[in-house]
Amino acid sequence: MAEILCPQPQLQQQESIYHWLPTREEEPTKPPLRYISTFRSFVQQEMEEKRKAPCQTMGIPKLQVPSPKEYLRKHSKEQRVPKCTHEREKRLPGKAPLPAQSDRPLMGIQSEKNFITANVAEAIMAVAKKPLHACVDQRRGDKFLLDGSGLVQRFLKKKDFGVTPKYIQRRKKEAVDVRKERVAARRECLQKRRLTRLSSRERENILDGLKNNWEEINKDFQSLSVEITTIPQRLRKEKLETEMKQLEHDISALEKHRFIYIAGE
């Protein structure tokens with residue numbers, strides 16, 4: 001055991017030489033043992049028997065230990081960039097190389113051009129420069145340009161200022177065409193459904209034809225036997241009666257009204 005010196009005595013105690021003698025350190029007390037059930041082995045055996053697959057029961061699953069040869073390689077988790085399939089743009093040709101030290105410029109070349117006369121002619125033929133459209137805002141002469149400041153109404157001087165755009169004209173024309181088509185379709189529909197007046201001659205002809213049909217049907221009706229015993233005879237009689245009633249209704253309508261109008265389809 002390690003030996004330590006005894007601490008200095010307190011002021012209240014009486015000074016003694018025994019306080020300076022080395023003392024032994026007391027051994028720490030051991031904690032009590034943990035409780036272990038007597039059925040622990042049976043429970044472990046039962047859990048191992050019921051285990052069907054790893055990670056489905058309590059405890060560490062039994063997995064296959066990785067091989068030391070299959071270790072992680074360098075740059076194995078980095079995402080590889082796919083190769084470029086399209087062709088790259090061709091670079092512009094570089095600048096011309098510098099002349100070599102052995103190269104010498106051509107000497108003795110003289111020009112016959114009269115620069116004084118050329119400058120005079122160029123000054124005479126040059127177009128006069130237009131003054132800048134600026135505004136002086138201080139007495140010292142400080143000024144600023146008005147063209148890009150937004151204070152000048154430049155759009156009023158444009159050629160197409162105040163003119164209706166072409167796309168609006170096109171839309172207006174399309175709207176007028178659609179309106180005309182609708183009016184034409186409506187007129188055509190009314191033209192088909194309009195009422196046509198039946199002439200007096202046609203009215204008389206239709207009336208005579210209805211009367212003749214009624215007489216023929218009445219003749220057939222009178223030729224029937226007095227005693228009807230079979231079903232076909234009864235059906236024929238009912239059919240002739242309905243036809244005669246319909247013809248009588250049509251004849252009375254034509255005789256009652258002088259002017260008759262026929263609707264279209």
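Predicted model: local features only at pLDDT ≥ 70, side-chain atom pairs only at ≥ 80, totals over all residues.
Select Glu 204 and Arg 203 to begin. Their side chains form a salt bridge, and the closest N and O atoms are 3.3 Å apart. Colour the two residues by accessibility. Arg 203 is buried, at 13% relative accessible area. Glu 204 is partly exposed, at 37%.

How many salt bridges does a search of the whole structure find? It finds two. For the other pair, select Glu 255 and Lys 211. These residues form a salt bridge with the closest N and O atoms 3.4 Å apart. The pair links distant parts of the chain: Glu 255 belongs to helix H5, Lys 211 to helix H4, and 44 residues separate them. Check the exposure of both ends. Glu 255 is partly exposed, with a relative accessible area of 44%. Lys 211 also counts as partly exposed, at 34% relative accessibility.

Now show the two helices themselves. Select residues 200-222 for H4 and residues 231-256 for H5. Their axes come within 9 Å and cross at roughly 155 degrees. H4 is therefore roughly antiparallel to H5, since angles over 145 degrees count as such. The crossing of H4 and H5 is left-handed.

Stay on H5 and pick Glu 241, which lies in this helix. Glu 241 counts as partly exposed, at 31% relative accessibility. The C-alpha atoms of Glu 241 and Asn 218 are separated by 8.8 Å, while the residues are 23 apart along the chain.

Next, go to His 75. Find His 75 in the loop between H1 and helix H2, the latter spanning 115-125. Is His 75 buried, partly exposed or exposed? His 75 is partly exposed, with a relative accessible area of 49%. The value falls in that class because exposed means over 50%.

Move on to helix H1, residues 40-50, and select Met 47 within it. Met 47 is partly exposed, at 33% relative accessible area.

Finish by zooming out to the whole protein. Switch to a cartoon view and count the elements: there are five helices and six strands. Trace them from the start of the sequence. The order reads β-β-α-α-β-β-α-β-α-α-β. Last, colour every residue by relative accessibility. What percentage of the 265 residues is buried? Buried residues make up 5% of the protein. Arg 203, where the tour began, is buried.

How values were computed: Residues numbered from 1 in each chain as written. Heavy atoms only, no water. Helix = DSSP H or I, 4+ residues; strand = E, 2+ residues; numbered from the N terminus. Buried < 20%, exposed > 50% of the residue type's maximum accessible area, 1.4 Å probe, protein only. Axes fitted to C-alpha atoms, helices over the stretch in contact; angles between N-to-C directions. Parallel < 35°, antiparallel > 145°, perpendicular 65-115°, else oblique. Left-handed = near helix turned anticlockwise from the far one by under 90°. Salt bridge = Lys/Arg side-chain N within 4 Å of Asp/Glu carboxyl O.
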